[in-house]
Amino acid sequence: MTTLDPIQVFRTEAAELFEQIEGGLLDLLHDLSNQDQIDAVFRGLHTLKGSGAMFGFEALAAFTHHCETAFDRVRKGEVPASAELVACVLAAQDHMKALVDRPNGDHAEEGDRLLAELQAAVGGQGGIGTVVTPPLAASAPAKAENAATTWKLSFRLPSNAMANGTNPLGLLDELRELGTCEIKADVSKVPGLNQIEPADLYVSWQVTLTTEQPRSAIDDVFIFVMDEMELQIEQQSSPTPAAGIKATDTPTAPAAEKTVTEPPAKAEASPAAVAETKNGKAAENVRVPAERLDELMDRVGELVIAQSRLSQLAGSSVDIQLRAVSEDVERLSGELRDTMMVLRMVPVTQLFSRFRRLVHDLARETGKMIELEFEGETTEVDKTVIERLADPLVHLVRNSIDHGLELPDERIAAGKDRAGRVLLSARQAGGEVIITIKDDGRGINRERVRAKAEASGLVQPGQQLMDQELLQLIFQPGFSTAAQVTNLSGRGVGMDVVKKTVEALRGVIDIRSEPGRGSEISLRIPLTLAIIDGLLVRVGSGNYVIPLSAVEECLELSLEEDLRSRGRSFISLRDSLVPYLRLRDLFRTGTAPDRYQKVVVISTGDERVGLVVDQIIGDHQTVIKSMSKLHHDVVTFSGATILGDGSVALILDVMHLINVGQQQEAQLRAAG
Amino acid sequence: MTIAASKHEFDRLWNGAEELAVLTFNLNGETFAIEAIVVQEILDLLPETSVPGSQAFVGSVINFRGKVIPLADIRLAFGMEATKPTIDSRIVVIELDLGGEPTLIGIRTDRVYEVTTLSRSASEPPPSVGMRWRADYIDCLVKRDGEFIILPNLNAIFNSRGERGGSAAANSEGR
């Protein structure tokens, strides 16, 4: 077992905290008065500061401290949350990330600039604010005019609190800052010396606190330890005259029990590594390196293969017991495979949430108003797919915003809302997940696409193009219709990368666009890269797998039809002509056709092609094995799989076959 | 291939050592040798699946312990005839670095002899004339017991085919 590098652990933790802080900040933008989000951001910043200091990221801790302070004031209602403040803290957060990644880099200048901005965002507001409360430290001497209340608190921290980094004295100091305190330690639970665990906490406290601060201020003291502790707060008496406070204020009034008097420490002494209180369920998750999952996946894949061999053997045996065991193994390995698949699945929220920040920044840069909406965030997709999709989606969203959405004034002129909408949605359909980026902007300008394509020689002037073909031109390398190269897009790199990435994931891109109404780009990606449902067919003496998600239907190709269609490779399927390919010819098997050949109709979107095979064997769960570099020039196959008898079957690349079929159709059309 | 380049390949193979452990095998009557260190396993013939549309030289794939690996016939690279498999035919599985990826490849052989050591003093770079095979496909020739053992340059054979597609295979088939 390898020991984890603590710094690395912190970085992982920090990454999560950043996500939490960023999420909170962006939510806050929608509802600036949302106290829960303000608290969440504050807690995140606080934990980051604490852990940062613990792991030696001093610069980070110091910098974060300022942001935390700023948010503390927001939390206490001294300063209203504002969009400027959020933007400022978002920028500050990027700086914190830099501090985490390169703790020794020179960040001082950038940090000072951000802090100045932060000051402006908070201080400026504080000046005009009506609810200016004096700093807490100053509030300790009670003000006579404020109604002071006496609270009786008793609290007990869990025995491992100190081991977790909570400093009870810090809590007491914070209480003391709120008002006059009389603190009694209850040492009745302290065991005899022989039983004492030095690191455990046995003491509980009873505090009589007189303060003009509201009850929430007391709660705030315990905000980081609230979940694990016992805390009782009772209001003891209604407003006490100021003189009364003075009387109890005398620290020289030790009761029967020991009064704790410690020099007041600064707030930094308070809990450093506090458990994240809100997401208590985080503890139930286990972080596993992805490669271990991949290894497990391989083993499961091999098990599935071994199991199907076993069931073939058992099927041909008369031994009842062997059959029973084989059935058990079949069921178990099936379940194991399903569980394994789920392990790798993560909700697309992970993918989508990073766009909120992107869109926020883009809106500021472009001066456009953008509403980003999500749909189907809970749809689950293989983790690898999610990771590989991140970059293409960034390109697409940028394109939507930069090329698609208009400026607010243009939108009003066009009779639309000021704010442009970008909708990111995900849904599952069969073995595929469909991710759609939809905007309500100006749509794709087909004339400009065409003009550009003609200018760069991609199409001949006057060449007939189907609408979809024309739109797909935007995925050609070096293609951009942006008249000006902007910071965001328009360099013509990106879109072809999008297409390549999606195709590498065995996915397809559909584009729809209505002038003036917006565009919609859909990515259809297989749910997983590792296992597919396939239709096992025989062509000549070889077995091949056709991905089931592409199969539309199977029908018989009668001998007469086969002979009749020598000249034209079309079958008519419910009044539409579907071109077909004889895989026997394509693969040059050199064998005679079976008497009852079958046609498997495959499709992607609107395009359909029939594949003539000799025999349909049945459906088959397929563990995809990639082919080596030596076979990269063979485009007909996307991979291979191992069948129950140990032999290898090749998996047909549906996209490629459809292209071949369409070309054949086009040639025939041209000839006819 | 220049003499300097072949000298370089020659030196890379021996790497200063006087002896080299190899696996020797027979292809169409010629004795070949592969560095023992790259050999993973020697298998009996397995059911093969031909890959339509691939180069004849790597025309099929096999199931090697749950992995799908290409089965290569280097006889075709040397312009030899592909003969029918016999009872002595074996598949030698090697691991080779192809464009940065370690790749398992099965090589068809007519018969596997032994693991042995060859000595550098008996070896020489391929002659630039008087040979019917491509000189850059051969690392060196080692004389032993009155015959030559051929050490093929597997990197050159497989990498050139990976990149250039079928042209090289077409050439060698044509001869």
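Trainee: Why does Ala122(B) count as partly exposed?

Mentor: Count the neighbours. A residue is buried if 20 or more other C-beta atoms lie within 10 Å of its own, exposed if 12 or fewer, and partly exposed in between, with C-beta atoms placed from the backbone. Ala122(B) has 13 other C-beta atoms within 10 Å, so it is partly exposed. Before going on, two notes on sources. Residues are numbered from 1 along each chain as its sequence is written, while chains are lettered from A and ligands numbered from 1 in the order in which they are written. This is a predicted model: local features need pLDDT of at least 70, side-chain atom pairs count only at pLDDT 80 or more, and totals for chains, interfaces and linings use all residues.

Trainee: Where does Ala122(B) lie, and which residues does Ala122(B) touch?

Mentor: Start with the secondary structure. Helices (H or I, at least four residues) and strands (E, at least two) are DSSP runs, numbered from the N terminus. Ala122(B) sits in the loop between β9 (111-119) and β10 (123-124) of chain B. Contact means C-beta atoms, placed from the backbone, within 7 Å. Setting aside residues up to four places away in sequence, Ala122(B) touches Val142(B), Lys143(B) and Arg144(B). Arg144(B) is 22 residues away along the chain, yet the two C-alpha atoms are separated by 7.4 Å.

Trainee: What does chain B contain as a whole?

Mentor: Four helices and twelve strands. The chain has 175 residues, and 37% of them count as buried. Take the contacts in chain B with a separation of 6 or more: 58% join residues 24 or more positions apart.

Trainee: Which strands does β1(B) join?

Mentor: Look for bridges. Two strands pair if DSSP finds at least two bridges between them. Strand β1 (residues 19-27) of chain B runs antiparallel to β9(B), with eight bridges. Asn26(B) has Arg111(B) as its bridge partner in β9(B). β1(B) is also joined by six bridges to strand β2 (residues 30-35), again antiparallel. There, Leu23(B) is partnered by Ile34(B). The hairpin of β1(B) and β2(B) has two residues between the strands, and Asn28(B) takes a positive phi near 50°.

Trainee: What is the strand order of the open sheets in chain A?

Mentor: Take one with five strands: β6-β8-β9-β11-β10, mixed pairing. Neighbouring strands are turned by 15° on average, direction ignored. Inside it, β8 (residues 420-429) and β9 (residues 432-439) of chain A pair antiparallel over eight bridges. Leu424(A) has Ile437(A) as its partner in β9(A). Helix α11 (residues 349-366) of chain A lies across β6 and β8, at about 170° to β6(A).

Another open sheet of five strands in chain A reads β14-β17-β18-β16-β15, also with mixed pairing. Its edges are β14 (551-557) and β15 (570-573). β15(A) and β16 (residues 576-582) of chain A run antiparallel, with four bridges. Ser572(A) stands opposite Leu577(A).

Trainee: At what angle do α12(A) and α16(A) pack?

Mentor: Axes are lines fitted to C-alpha atoms, for helices over the stretch in contact, and angles run from 0 to 180 degrees between N-to-C directions. α12 (residues 383-404) and α16 (residues 495-504) of chain A pack at about 145°, axes 9 Å apart. Residues in that contact include Arg388(A) and Asp391(A) from α12(A), and Val497(A) and Thr501(A) from α16(A). By class there are six nonpolar, two polar and two charged. The classes: Ala, Val, Leu, Ile, Met, Phe, Trp, Tyr, Cys and Pro count as nonpolar, Asp, Glu, Lys and Arg as charged, and the others, Gly among them, as polar.

Trainee: How many residues of each chain are in contact with the other chain?

Mentor: 22 of chain A with 24 of chain B. On the chain A side, α9 (290-315), β20 (637-642) and β21 (648-652) each supply at least two residues. That side has eleven nonpolar, six polar and five charged residues.

Trainee: What are the confidence scores?

Mentor: pLDDT is the predictor's confidence in each residue, from 0 to 100. Chain A has a mean of 76, with 82% of its residues at 70 or more. Chain B has a mean of 80, with 82% at 70 or more. The model scores ipTM 0.80 and pTM 0.51.

Trainee: Where is the pLDDT under 50?

Mentor: In chain A, one such stretch is residues 239-282, with 69 contacts beyond four places in sequence. In chain B, residues 162-175 stay under 50, with 20 such contacts.

Conventions: Two residues are in contact if their C-beta atoms, placed from the backbone, lie within 7 Å.
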